[in-house]
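I opened the model today to look up a sheet and some ring contacts. My notes follow.

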Amino acid sequence: MRAREATKRPRVAVVGPFSGPRAAWGELLSSAVDAVRRAPVEWEFFDDRGDAELGGARAREVVADGGFAAVVGHFNSLGARGALPVYREHRLPVLLPLATAPGLLDGSGGLALRLCSDDAGQAAAVVAACREQGFEHLDVVHDGTGYGLRLAGLLREAAEPEVSVGVHAQWPATPGTAVALCGVHHGAAALLRSRTPSDPGQWVVATDDCDIPEFAELAGAAVDGVRVARLTGGPAARVVAACAALAGALGKHPERRGERLVETVRGELAWALDARGEPVNGSPDAGWEVLPVAVPPTPQGPFDVAVVGAGVVGRATAAEVAERGRSVALLDGGGDAASTVSGALVRAYEADAAERARAIRSFRLLWGSEERAAAHGFRRTGALVLFGPGGRAAATDGVSELVAAGLAAEVLDIDEVIRRWPLIEGKGLEGAVWEPGGGYAVAAVALAALTDRACRAGAHIVHGPAVRTLAADAASGVVVDGRLHARSAVLAAGCGTPELLGEHWPAGHTARTRRIQYVIFERPSGTASEPFPALVDLTTGMWARPDGLDAVLAGFPVEEWNVPPAADTGLTSAQIDLLRERVGPRLPFLTAARALTSVCGRDLYVSPAALLGPVPDLPRTVVAAGWSGSGFKSAPAAGEAAAEAVADLATRAACPERRASL
């Protein structure tokens, strides 16, 4: 019998605008639920059309049902303000991923958690961006809605007296000024279209409701040069984080409700929240960024680059290529990509020098940045790599590279390891590499943030079945499945890569699919407060990491090779017992620990090393595959390297003289 198989699935109410003028925002909720579809949770949707009064009515419907464990939503801050007292009265936890009104959690009694900074921070970020551009006056134009008027007032408070502010209900005609555009996205787009050619040189920033593709579509050509204030990492990742946190908490503890569930959800989040449930920020404008408005790409070919595979490396590659100004099609075959079920351990130390260099580079690009890493679902728990007798010299050399790169790391004797982490058994070990900056990412959140980054840069996402064929020609480019044309391609298709390459698979490399499985165990009573890092044991191959506040995720490599494409949703009791037996010698407390949930999937193992670079004898094609379960820590650097490789191929194709000399 599979772990918790007989447990009734908990239900979560998802409240947001699924119809009406703000339905584009509701699509974020639908996509977020799809991103965590594996979780044993029932998600039920309630449409409030983004209307405050209707939001209150939907809240009363939810509590009248009496069967929901929690709520995700509302997006409308006024609706959330009216709904929160209703939920509090019935002790129903609420996660607010995008409701940004200041003071929204007043009186919520600790049952509401907000995953975003409030609009006071947004106003501070807009004013800071205005001052960076050298402006000492800010014209604020609003659409007359409560949202627009509230933001206009907050901008005045944030700006004065350093920056003077004028508030307008129509577009200000003063040329060469800074303008803040406040309103819901369709109202703001109408205001933007009202500009005339007599408004040259204005520096315009729109507020966060405009950080959605429909705003650019509604504004048309008027959006050129406009910037937008947005939550760091984008709104989609925040919504996914809310759903993933509830999925993680209820997947492990389906019986928890009320304050106990809220505390469990806190442990699933990458952001630190204060006692009120608000994000803990280090500066007035923390949590916000001001960037150019993203203009949706026109889905037409041929594209410059087709990236085949939407796992973590594929998405990172698509973002890198698009940010270099090239048109990109990211082919997402859906299904059971290894990245979606990854434990997503992140560290810089690797025994292999090439992989270590990529991991170090990835910290420089992403994982070392506190705010950006958190926006990608990263939890900094510290990371240990345990080594046996004779491993100290290699560990010392590797740590020297990390320290030279500015990353904190040290080699610990095994006695020190056991003293710091008493849950670890040190028998057969000599020591460990300790990285306080390591940890793990919530896979669904990281994937959502990378997708946001790629789309903002202009990448076009192509959903459909997994790619089966690829034809490449030096003169005409690449054709994917006989339908999508591109000048070049990056194959980041994970387990599907060997089939796509076929006879062009690089000589000297072997590829096999391998079963990947792990179990999330409950930590014994009294140990939840003890620190527990992400860890890898080089002597046995087992790996583990914390999973929330009171659980440990542990995996062990199994000798099941050439496994079929489909991924299971969990392990049998016999498989769980075997895994418990294998990891028990290193983590003895797991031998008797209760299994809360489990995951079974597959990944591509390539020997002697991952493939990253041009494919011999296959024109215009780069391969990026075979990280053998460790793609998350290397993905930022792997994406960068793949983008550079495909750019070099394009240069060679455009320069016959250079191509002939190579």
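In what order do the five strands of the open sheet lie? I read the order as E2-E1-E3-E4-E5, with parallel pairing. I keep in mind that this is a predicted model.

I looked for the edge strands next. They are E2 (42-47) and E5 (112-114), and each pairs on one side only. I also checked how neighbouring strands of this sheet are turned against each other. The average is 20°, direction ignored.

**E3 and E4.** E3 (residues 68-72) and E4 (residues 94-96) pair in the parallel sense over two bridges. Val-71 stands opposite Val-94 in E4.

**Helix H3.** Which strands does helix H3 lie across? I find E1 (11-16), E3, E4 and E5 under residues 77-89 of H3. The helix runs at about 160° to E4.

**Aromatic pairs.** I counted nine aromatic pairs. I picked out Tyr-518 and Trp-543. Their ring centres are 5.8 Å apart and their planes stand at 70°; edge-to-face needs over 60 degrees, so this pair qualifies. Tyr-518 belongs to strand E24 (residues 510-522) and Trp-543 to strand E26 (residues 543-546), so the pair ties together parts 25 residues apart in sequence. Are Tyr-518 and Trp-543 buried or exposed? Both are buried.

**Charges over rings.** I noted two cases of arginine over a ring. The charged end of Arg-11 sits over the Phe-68 ring, 4.2 Å from the ring centre. Arg-512 has its charged end over the ring of Trp-561, at 3.8 Å from the centre.

Methods
Residues are numbered from 1 along each chain as its sequence is written. This is a predicted model: local features need pLDDT of at least 70, side-chain atom pairs count only at pLDDT 80 or more; totals for chains, interfaces and linings use all residues. Side-chain values use heavy atoms; hydrogens and water are left out. Two strands pair if DSSP finds at least two bridges between them. Helices (H or I, at least four residues) and strands (E, at least two) are DSSP runs, numbered from the N terminus. Axes are lines fitted to C-alpha atoms, for helices over the stretch in contact, and angles run from 0 to 180 degrees between N-to-C directions. Contact means heavy atoms within 4.5 Å. Rings of Phe, Tyr and Trp (its six-membered ring) pair if their centres lie within 6.5 Å; planes under 30 degrees apart count as stacked, over 60 as edge-to-face and the rest as tilted. Buried means under 20% relative accessible area, exposed over 50%, partly exposed in between (1.4 Å probe, protein chains only). A charge sits over a ring if NZ of Lys or CZ of Arg is within 6 Å of the ring centre and within 35 degrees of the ring normal.
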